[in-house]
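Please look over the sequence and the model shown here before reading on.

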Amino acid sequence: MTVYTTLATRIRANQPVALATVIEGPHVGLTLLMSPEGILGGTLGDAELDRVVARDAVGELEAGRTSIRHYGPQGESTPEDLVDTPTVRVFVESFSPPPRMWIFGAVDFTAALAKVAKVLGYHVTVCDAREVFATRRRFPMADDVIVSWPAALFEKEGQVLGPRDAVCILTHDPKFDVPAIQGALSTKAGYIGVMGSRKTHTKRLERLALAGVTSPADLARLMSPIGLDLGARTPEETAISICAEIIAQRTGRQSPSLKDASGPIH
């Protein structure tokens, strides 16, 4: 199977893949195909260059970025290594599936958040253990509506979540939100937001401690109260606040999150 046949197959299957092409230097036009698991085929003309580019391309793929990178002929990549060394320019093109947003809790805010997330290009999954609430009729905008407890969903599919993905927990039910938080913390999801007032979150932290979630690093990942401090009141305004916080966190911007503010959230 050729590099381009494999590339087309993975794109059709919505599987992540990156294609690196030499655009300047020795072996212009040679290509290397990578997945998160490693090299799928091709070569850039040097085994060490292949190894270094594959490593970097996987990082670009996880971030959903396409870029041009510079190396030496044998994969030298630091400024010191490249002094008086011919430069190889490599175009790394990422083909990533849409980022995922898992929303836990089939509540009024969920429908609004799912709509905004779809506009931003997310693959949206709504999950709730209550079959009467988690229905396609209530959430037609979602890609998947799953009737399940959080632990079961995370155990089955949590490994697919990465830095580009978001988990939003909008329920206040202790039987649901604590397992959902535990499951989210076990993944590589880039954003974990939890709805509730400051008082609600303080009580939630107590329940998490009883469940064994005490690591400062884990607790620091929780964005709660969820969203930017926009003064949002309606479900639609809250959805925009949440998505704005996700964007700000992904781009590294210092924005006024409710988590870092004080006083009432409305």
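Is Cys168 buried or exposed? Cys168 is buried, with a relative accessible area of 0%, where buried means under 20% relative accessible area, exposed means over 50%, and partly exposed lies in between, as found with a 1.4 Å probe on protein chains only. The model is a predicted one, in which local features need pLDDT of at least 70 and side-chain atom pairs count only at pLDDT 80 or more, while totals for chains, interfaces and linings use all residues. Residues are numbered from 1 along each chain as its sequence is written, and side-chain values use heavy atoms, with hydrogens and water left out.

## The cores

Cys168 belongs, together with Met101 and Leu113, to the residues with the most contacts inside the largest nonpolar core, which has 25 residues. A nonpolar core is here a set of buried Ala, Val, Leu, Ile, Met, Phe, Trp, Tyr and Cys residues joined through side-chain atoms within 4.5 Å. Two or more residues of this core come from each of strand S6 (100–104), helix H3 (108–119), strand S7 (123–128), strand S9 (166–169) and helix H8 (235–251), and H3 gives the most, with 5 residues. These helices (H or I, at least four residues) and strands (E, at least two) are DSSP runs, numbered from the N terminus. A second, separate core has 20 residues, including Phe104, Leu153, Leu161 and Val178.

Contact means heavy atoms within 4.5 Å, and when residues up to four places away in sequence are not counted, Cys168 touches several residues, among them Met101, Leu113, Tyr191 and Ile246.

A disulfide is a pair of cysteine sulfur atoms within 2.5 Å, and a search of the whole structure finds 0 of them. Cys127 is in no disulfide, since the nearest cysteine sulfur, that of Cys168, is 13 Å away. Cys127 is buried too, with a relative accessible area of 1%.

## An aromatic cluster

Rings of Phe, Tyr and Trp (its six-membered ring) pair if their centres lie within 6.5 Å, and planes under 30 degrees apart count as stacked, over 60 as edge-to-face and the rest as tilted. By this rule the count comes to 5 aromatic pairs. In one of them, the rings of Phe104 and Phe154 have centres 5.2 Å apart and planes at 25°, so the pair is stacked. Phe104 lies in strand S6 and Phe154 in helix H4 (residues 150–157), so the pair ties together parts that are 50 residues apart in sequence. Phe104 and Phe154 also belong to one aromatic cluster with Trp102, Trp149 and Phe176.

Trp149 is found in the loop between strand S8 (144–147) and H4. Leaving aside neighbours within four places in sequence, Trp149 is in contact with Ala129, Lys175 and Phe176.

| Residue | Relative accessible area | Class |
|---|---|---|
| Phe104 | 0% | buried |
| Phe154 | 7% | buried |
| Trp149 | 47% | partly exposed |

Helix H5 (residues 174–185) has 12 residues and reaches 16 Å from its first C-alpha to its last, close to the 16 Å expected, a span taken as 1.5 Å times one less than the number of residues. The buried residues of H5 include Phe176, Val178 and Leu185. Asp173 caps the N-terminal end of H5, with a side-chain oxygen 3.0 Å from the backbone nitrogen of Lys175.

Asp128, found in strand S7, is buried, with a relative accessible area of 3%. A polar atom of the Asp128 side chain lies 2.7 Å from the backbone nitrogen of Ala106. A polar contact is a pair of N or O atoms within 3.5 Å; within protein, one must be able to donate a hydrogen and the other to accept it, and residues adjacent in sequence count only if both atoms are side-chain atoms.

## Backbone details

The peptide bond from Ser224 to Pro225 is cis, with omega near -5°, and Pro225 has its place in the loop between strand S11 (222–223) and H8. Asn14 has a positive phi of about 60° although it is not a glycine, and Asn14 lies in the loop between helix H1 (3–12) and strand S1 (17–24).
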